Amino acid sequence: MTNATATILTGNLIQIRNLVKVYPTTAGDVKALRDIHFDIEKGEFVAIYGKSGAGKSTLINMITGIDIPTSGEVIVDQVPLHAMDADALSRWRGEHVGIVFQFFQLIPSLTLIENITLPMDFNNTYRGPAQVERALALLDAVGIAEHAFKVPAKVSGGQQQRVAIARALANDPKVIVADEPTGNLDSTTAAGILDVFSGLVRQGKTLIVATHDEEIARRASRVIEISDGSIVSVKKNSVERVEPVA
Amino acid sequence: MRIPARWMKVLKEIWENKTRSILVVLSLAIGVATVGMINTAAIYVKRDLFGAFERGNPASLHMYLSPFDEGVAAAVEKMRDVEATQPRRVKTIKFLTEAGEWEEISLNAFPDYEDIQINIPTLEEGRLSLSVREIAIERQSAEALGLRVGDELTLKNDDDRLFAVRVVGIVHDLYVMPYELLGSATAFLSMDTLAWMGDPSQYNRLDIIVSEMRSDRDHVLSVGEKIETQVLTPARHTTYRTEIPGIGSDPGRHWAEDQINGLLLIFQIMGVMAILLSSGLVVNTISAIIIQQIKQIGIMRAIGAVRRQIVGMYLFNVLIFTILGLLVAIPLGLVGAWWLASFASNFANFDIQSINLPLQVLGLQVILGLMLPLGVAMLPVLSSTSISVYDAIYQYGIGTKGKNGFVDRLLIRVRNLTPPVLFSLRNTFRNKARLTFTLVTLTLSGAMFISVFSTRASLSSQIDEISRYLNFDAAIAVPGGSMRATVEREARRIEGVNVVESWSVDSATIQYADGRESEQLQVIGLPHDAQTIDPLLVEGRWLAMGESLGVVINEDLTGVETAVDVGSEITLKVGQKEQTYVVVGVVSKHLSGARVYMTPTMFGRLTNRYNQADSVRVRLDANVLSAPKEQDLLGAQLETRFENAGISRSDSTTHYAIFGDFTDVFDIVLIILIIMAVLLAVVGGLGLTGTLSINVLERTREIGVLRAVGASNTSVRRVVLTEGVVIGFVSWVLGALLSGPAGLVLAAAIVTAMLKAELSYQYSFPGLLIWLVVIGVIGVLASLGPAQRAASLTVREVLDYE
């Protein structure tokens, strides 16, 4: 993992090169991504914008190493993900990427605080009491420290998504990737989640969000719009660094 | 101490799914406890029965002789081939029970109770220094008859004289068949007491331990022959009978050692099967848990877990199950061992010295109970955790990609059924590996279940075959022999008696051309048209009218004398008289030992006992045997009439009494086997529940679709129930096929262990039908939980599942 821990020397944290993803089906091959090519700089807030089925989640899965490309390259923090095996990818994700899913995907049997210590446990970070201290600090940061010892089913969807964000931050990754993070939330709750994201960008995290929500796209520093697996536009927003909404 | 989150997850899920966890732990415990129970009990039996038996110097040989004194015993003991001798006088008379009935009691007297060398009895209560008019009772006889130290016992000699003796001791004698089995009491008294009762002060049985090759049957018998030719015959003593103690056991071994070891081996095999099946259940359960958590596995891998960590979590889960299983199984096995050994100790009259858990059994339980489930669980754990993160999070629950195997193609062609039934059928055969595993579990349970019934049927059939040779309502021995005509006349005087036959019995040997003699065999003299025997001819023919040289032998004899067959000439020797005969027929084995049947005239010529009867057999009806109560009444009438006529004071026996006792013993063994088969069925049922649960989980979306298109709760339940019943039925068919050979093996093992006889196999069709009902019930019960879960799924939950 020398590549994964290498110091970033350039501004381009993520480099996507000629990325193609084809899913074979009984009805024939489906091209989910077609020759995708772009870079993301450190500290950017990028929205991957498009309609349902456009290929946003597929692209996000390539950046996190959850799925592997049919061809092309995905280099994150100088680490070529397309060349790594599944276990190496897991270890790399645990250390360098935090993922937030649309359906929160918390472990139902664990309390909120245990859900946050889980990635620390898998990655051997923040051992012993430091794990709990960090988890509580993260829960506090997303505003739900008082629910720390409840199980996910006992808190609301918005609170679960805050826990998911806290979990994504558990190992202090450079990159946060979120797939439709507000897709399952009402507008008020969604706004709260976006505030949390804005805070992360201000802390210097690189944030990539797949969304079909124009509001999120508006908040991003750059919007990459895709349709039918191809990039149709790349737009820089005037707000270079978003400010949190009070 | 803080438990890391991943282990906490495992522990919490075990706790949250208590019913599932308890079922797995219990099923594991059943398997491990069974292994513990059988092996621990085996160790107790070996230690406390065979060990104690060995310590009491068991005889290699019993020789029944004409009256002899201690000098003869001393002379035999001086022989190089003889390690030790013990003279004793044995005698069977009657005693008065508390209920006022006369029952048989075997009396034993020794020269010196302080110096018994062979088959040493141990004093349990009172004393063994017996004066005149004192008696010590064997403890099982004493317990069964309610006799205690201080009681007075009335004995009745053959000449009707009564003797009052006082019970002064309770003695444990491992070397006699227990009262529970034989129904005859055993007691000890002094030679002086026997003299007081009118017996000669000489001995009639010599117990011998050979000095070398003590368990070699042929060697022991050859030593017996040497004793006879070198010491007894020159001293003008007659050898009436030479026998190796036991039921076909090797010399110096406990009389039931082979039978007990045989049964223990069978139980052990069943125990191993139970543990294999419960391990299978662990595989099913872990598969169910993993499938339920596939998305969680994906998420954990997405947040940094490597496969090794995920594998570790599920193996930790199995480890917890196995440890809990062991914690339940070890004490349960110990209690079971205590129960089984107690049962054996009551039956075989020995004491369990201590209840402890032998280390080797604990080791075996730990290895089987810990390593086996962990080992087999590796398979689903490794295969399920190899799924890619993407598939785990986004693809699972959508249904396996269609594979068009033979069964699938066949099911596609089935169209005349309702869509829910078709859905069930196609679901059933979708995951072939899981289906195969469930079917194997249930098929084994079924095959075992039916096999136990087949074993029961085979034993019944075997007993029926043996009963052909005891085809009478009642019979009575005529000790010392009486005139045939007198005996038959007395029996015919009993009202309703239609068939009366007198039989003559003597011991003989086969005289070989080289001068050697065979082991002793029985010679029976009986009418050629005897109606109280229905011989099963294996070869040749039965005795004919006017037979002068032809004899019929049984398979017990051909088993020992392999060269003898129909047409062979054999020379029989009784006393000093020899006569050569031609074998005209061979009849099946019937637990009698080696026998030669001949006409009464031939018997008279061979034994010089013309027209004498040693027993009489009677029947009320020439065609059918009477009911047990009528047999009992007839037996009592025989006893009274023969006693009044001064012919015999023996107890009568009835057909029912002989075979009733037989089947009681078999039933105990079969009940244990049935219990084990039921346990296997329970484990199989739990496995089916697990499989159906997994299927419901895997088909969540399809069930949601069914509900979305209007399927009622009942329809959804029916889908799962049909699946359970179909699997049950398929396993029944497979179990039926396997039960044929499996039953043959089990029945052969049991019959060999218990009867030392060859198997007459009988397949149990009632067992097959009973299993069909049982598997139907299991199929329905196993489906109820998963069916309810499927019916309670809402369309919204199904959407969430996406």
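This briefing covers selected helix packing, sheets and the chain contact in a predicted model. Local features need pLDDT of at least 70, side-chain atom pairs count only at pLDDT 80 or more, and totals for chains, interfaces and linings use all residues. Residues are numbered from 1 along each chain as its sequence is written, while chains are lettered from A and ligands numbered from 1 in the order in which they are written. Helices (H or I, at least four residues) and strands (E, at least two) are DSSP runs, numbered from the N terminus.

**Contact between chains A and B**

- Chain A puts 24 residues in contact with 23 residues of chain B. Two residues are in contact if their C-beta atoms, placed from the backbone, lie within 7 Å.
- On the chain A side, α1 (56-64), α2 (86-96) and α3 are the elements that give two or more residues.
- α3(A) gives the most, with 7 residues.
- By class, this side of chain A has 8 nonpolar, 9 polar and 7 charged residues. Ala, Val, Leu, Ile, Met, Phe, Trp, Tyr, Cys and Pro count as nonpolar, Asp, Glu, Lys and Arg as charged, and the others, Gly among them, as polar.

**Helices α3 and α4 of chain A**

- The axes of α3(A) (residues 112-123) and α4(A) (residues 129-141) come within 9 Å and cross at roughly 120°. Axes are lines fitted to C-alpha atoms, for helices over the stretch in contact, and angles run from 0 to 180 degrees between N-to-C directions.
- That angle makes α3(A) oblique to α4(A). Angles under 35 degrees count as roughly parallel, over 145 as roughly antiparallel, 65 to 115 as roughly perpendicular and the rest as oblique.
- The crossing of α3(A) and α4(A) is right-handed: the near helix is turned clockwise from the far one by less than a right angle.
- From α3(A), Leu112(A), Ile113(A), Ile116(A), Thr117(A) and Met120(A) meet residues of α4(A), including Ala135(A) and Leu139(A).
- The contact of α3(A) with α4(A) has 9 nonpolar, 2 polar and no charged residues.

**Strands of chain A**

- An open sheet of 4 strands runs in the order β2-β1-β4-β5 (chain A), with antiparallel pairing. Two strands pair if DSSP finds at least two bridges between them.
- β2(A) (28-41) and β5(A) (79-80) are edge strands with a single partner strand each, so one side of each has no neighbour in the sheet.
- Antiparallel β4(A) (residues 71-76) and β5(A) are joined by 2 bridges. Ile75(A) has Pro80(A) in β5(A) as its bridge partner.
- β6(A) (residues 97-100) pairs with β7(A) (residues 175-179) in the parallel sense over 4 bridges. Gly98(A) is bridged to Ile176(A) in β7(A).
- In a regular strand the side chains alternate between the two faces of the sheet.
- Both faces of β6(A) are covered: Val97(A) and Ile99(A) are buried on one side, Gly98(A) and Val100(A) on the other. Buried means that 20 or more other C-beta atoms, placed from the backbone, lie within 10 Å of the residue's own.

**Chain B**

- The secondary structure of chain B comes to 24 helices and 20 strands.
- Its C-alpha atoms fill a box of roughly 100 × 65 × 55 Å, taken along the principal axes.
- Of the 802 residues of chain B, 45% count as buried.
- The axes of α8(B) (residues 257-292) and α11(B) (residues 359-384) come within 9 Å and cross at roughly 35°. The crossing of α8(B) and α11(B) is right-handed.
- The contact of α8(B) with α11(B) has 13 nonpolar, 3 polar and no charged residues.

Note on methods: A residue is buried if 20 or more other C-beta atoms lie within 10 Å of its own, exposed if 12 or fewer, and partly exposed in between; C-beta atoms are placed from the backbone.
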